[in-house]
Amino acid sequence: MIRRTQFPGLIAVLAVSLSSLTLGAVQAEGSPQAGPRSGKPNILLIVADDLGYSDLGSYGGEINTSVLDGLAQQGVRFTDFYVSPTCSVTRSMLLSGTDNHIAGLGNMGELNAPNQMGQPGYEGVLNQRVVTVASLLRDHGYHTYMAGKWHLGLKPDQIPHARGFERDFSLLVGGGSHFADGWNLEWQIPKAPYTEDGHPVERLPKDFYSSKAYTDKTIQFIDEGRGDGKPFFAYMAFTAPHGPLHVPNDWLRRYKNRYDEGWDGIRNQRLERMRELGIVEEDVNAADRLYFLPRSTTFAPAARVMQGRKMELYAAMVEYMDDQIGRVFNYLKEIGEYDNTVVIFISDNGAEGNDLRAMVAGQLGTLGFLHAMNNFAEDGHNSLGRKGTYAEYGPLWAQVSMAPFRIYKGWTSEGGIRSPLIVSGPGVQGAGKLNKQAILHVMDIVPTLLELAGVQHPSTYKGREVTPMQGKSWVGMLEGRTQSPRTSDDWLGWELFGNRAIRQGDWKISWLYQPLGTGGWQLFNLAQDPGEENDLSAEFPEKETELIALWDQYVATNGVVIGDRSPFEGAKKALPDRVPDFDNYPPVRGMEAIPYAKLKELMAGENKEDR
Amino acid sequence: MRQANGTTRSLASLVIAAIIVSFGVPALATDDGARAYWSARAGTNAFSFQYLRWDIDATGSLQFDPGAYIYPGADTEASVFVLSWARHLTLFNRASSLAVNLVGGNVDVDFNSGLVPAPFLPGGVLPGATLSQSSSGYADPNVQLVVNLVGTPPLESNVDLLNYEPSWTVDAAVMLAVPIGEYDADKLVNLGLNRWYGRLALPIKYHFGVFSPGYMSSFELTPSVWLFAENDDFVGQKLDNDPLWQLEAHLTHDFTRGFFGSLDALYRGGFQSEINSTEVGDELDIGNVGFTLNFQITGNVTMRTGYSSNVFGDDNLDNSILRMQFVYAWNRDSENAKKLQEGH
């Protein structure tokens, strides 16, 4: 239950916000403010890493996410919340409230194209043109804590402690082992660098496991900071379920054999639950299985078990994270702060369907290969998920996680940029409600949090100019005064690795590299076709032209530089040719109808007469 | 298609790896060996050729069983081969195996006949003389059936293998030897025992570490009892033996995917001899400690070598055993998968 008496309401916060308008810039220059809480809510911002759209139970998933599902019951879920196709890019917008091409992550720092090097907005780190929400909240009387993945810069002036977090326990890079061995994904920095309160962490404890460690630290920071009456802003940036799929030993078999059925069946079950929950329409036009992926029914049972094991690990990782989030909630309840805490839960991008392990490991004879040999060469079926392994669940399962959308992380199709969003806490109206009207963006979170805290975004910060936010506050919507912070004229834009998109209302134009795209613009109506399967550009050329004009505006406003190299430029050669797809070709001769159990018997050598 | 191809490769590897089985050969006076009772997929066959070299120097002990070749003052050298075929199957809805073992070789024994009671000396041999005897040919073949009792479900398919992550397992093993081996009633030294005998064993394993090639470890304990019928023509006498109690232990560990080692221990006791219903000699009391190294040479072939020697028990009975074993294992699916992989 929300105890409204603890929080005077968002209108009161708005009043505080208005009263501080003229002070904002000046206060930002000054030292951190301490003082009474003035009714400001705590803020708990939780980000999962590579979590798929439909993985949570409250979004149709079969994974046990009872804590987040409970949060959804207390708060509001949103169907049309957008992030960027990859993590650091999203995080730059999440903390700055403006477009990634302005905030310094026009491209992922690791993948800047030659013509992007040195360009403003392509620094590869969160640049000084923006001020973080943490800095602003800290300056306005909040304790600011971070535990988890940063991925926005490694240098002393780029790390969380320098960008507004009083206390932090941070993984500075994009990912690596979730265990104490702490290897980094990139061979260039073999050990993943962590900082604690701005200082390098020399060695991780032996029992380190990412999700638990980040939870422990979050609780520790809140516990050590409470008592002075200041509210807190805690940013929990989990690295789960980003690959490598690592799971504590006693959770390894939590989903044993749950996914042996195969990806098609699980995806269909998810779509059915999504219909029941109202996440998708009854007649949803879901994306087809990616053309280069096989039907799960064509795989032998053992192959399904092997593929299913990866999804088992992923599911266990997600549930473990959910369980840890529950620990934080329980702690907040114990200290009486839960009802005064606004909780926002998102994922940073679409589920990971790319073969990152292969990209990291490189070719025989390379340093990447050497790095892989030293750290994650083991791949035995029963070893996966443990230290020394690097399991990923691949495109087969990523398309399940992103049901009903098309493709996955890295692409600007809906499968790369749609994320679950749950908001709960004081002042949030409509417990258990599903909002399908609002089109929201990760850039909106900073203006929302600032408004909740009564903080004005400054035009300068510590003597430097900072760019204005592009996001729109959700406060009016959360209070139930509006359905969406955006009007029908508002639009959103994306560009990463050369893939690009614009959404305005139900319409979206999309440009994707071949063969997953056409290498040209396509037009989709997302209300009718969330799977982006039916290109309407020939039918509605004027709409396409209109949206392309918005794209040009997006490029100009944000200084977008389309890279002259892209990780996806070779996709056409790497993937098989895309051929026309016919519903019943090749003919399957009733194989689809063979029950899984029967198939298992056949493959075991029984019923030989049936072969 | 990287995923799909990767799965196919991994699957084939799994099938091949899963048939690399070692199995024990119950032979008197030696142990079954490390990982002798590990289960494999039903339908897996294995041929094993094992060479054993015994050196026994019995200065004071007195045992009257040719199978053990322990005589007072005897210096025994034996070279024995064991040719085996085993097949893994499902019985009583449990993982099981059936093995047939053909044993043969050569044994040479030098006695100080002064320590051998006169009634058992061959005709014409005077007490106090040095006597040399040998035997060569086939010993008694045996058949062993192993059925899991706890911890191992039927391993009928690759799916079953993939889902198999044992912790505690308990098997029941029954062996029966058929007395058709080389036997000459006028000699003290024979390869055959001229009597039916068998063994009941209860192999117990605890698997720890990750049950994945390269990471597997186990502690294995096999209590067993050998039971012997009467030899009604032991140099013209009747020879009976009490049960022989045996406790075998192994601590095994994978060093790499294709290489494991084991610390081995074997204790044997009991086996009191009675000749014409009169107890003769001592009970057996001998404990060996040794090691085993097991290498996977190819997808189908493994080689094992090991050595053990007595370090506790009866001081008067020195013995050492050197073992070399080759196992060729296969099953239909793995062979077919290889054909497909190799493009034939």
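A:Val423 lies in strand 9 of chain A, which covers residues 418–424. In this predicted model, A:Val423 counts as buried, because its relative accessibility is 1% and buried means under 20%. A:Val343 is 80 residues away from A:Val423 along the chain, yet the C-alpha atoms of the two are separated by 5.7 Å.

**Other covered parts of chain A**

Helix 12 of chain A runs over residues 394–401 and is mostly covered, with eight of its eight residues buried. The buried residues of helix 12 are A:Gly394, A:Pro395, A:Leu396, A:Trp397, A:Ala398, A:Gln399, A:Val400 and A:Ser401.

A:Asp260 sits in the loop between strand 7 (232–237) and helix 8 (263–277) of chain A. With a relative accessible area of 6%, A:Asp260 is buried. The side chain of A:Asp260 is joined to the side chain of A:Asn257 by a polar contact of 2.7 Å.

**Backbone features**

Most peptide bonds are trans, and most residues other than glycine have a negative phi. Chain A has a cis peptide bond from A:Gly243 to A:Pro244, with omega near 0 degrees. A:Pro244 is placed in the loop between strand 7 and helix 8 of chain A, and A:Asp260 is found in that loop too. Another cis peptide bond joins A:Ala403 to A:Pro404, where omega is about 10 degrees. A:Pro404 belongs to the loop between helix 12 and helix 13 (414–417) of chain A.

In chain B, B:Asn93 and B:Phe271 are residues other than glycine with a positive phi. B:Asn93 is in the loop between strand 2 (74–91) and strand 3 (94–112) of chain B. B:Phe271 is in the loop between strand 13 (259–270) and strand 14 (273–275) of chain B. The table sets out their values.

| Residue | Phi | Relative accessible area |
|---|---|---|
| B:Asn93 | near 60 degrees | 55%, exposed |
| B:Phe271 | near 65 degrees | 0%, buried |

B:Asn93 counts as exposed because its relative accessibility is 55% and the exposed class takes values over 50%. B:Phe271, in contrast, is buried.

**Surface patches of chain B**

A nonpolar surface patch of about 850 Å² is made by B:Trp168, B:Tyr206, B:Phe208, B:Phe219, B:Leu251, B:Leu263, B:Phe291, B:Tyr307 and B:Leu322. One of these residues, B:Phe291, is placed in strand 16 of chain B, which spans residues 284–296. B:Phe291 is partly exposed, at a relative accessible area of 38%.

B:Asp318 has a relative accessible area of 41% and is partly exposed, so it passes the same cut-off of over 30%.

Notes
Residues are numbered from 1 along each chain as its sequence is written. Chains are lettered from A and ligands numbered from 1 in the order in which they are written. This is a predicted model: local features need pLDDT of at least 70, side-chain atom pairs count only at pLDDT 80 or more; totals for chains, interfaces and linings use all residues. Side-chain values use heavy atoms; hydrogens and water are left out. Buried means under 20% relative accessible area, exposed over 50%, partly exposed in between (1.4 Å probe, protein chains only). Helices (H or I, at least four residues) and strands (E, at least two) are DSSP runs, numbered from the N terminus. A polar contact is a pair of N or O atoms within 3.5 Å; within protein, one must be able to donate a hydrogen and the other to accept it, and residues adjacent in sequence count only if both atoms are side-chain atoms. Patches are made of residues with over 30% relative accessible area and no salt bridge: like charges are joined within 9 Å, nonpolar side chains (Val, Leu, Ile, Met, Phe, Trp, Tyr) within 5 Å. Accessible areas come from the Shrake-Rupley method with a 1.4 Å probe; for residues, only the protein chains shown count as cover. A salt bridge is a side-chain nitrogen of Lys or Arg within 4 Å of a carboxyl oxygen of Asp or Glu.
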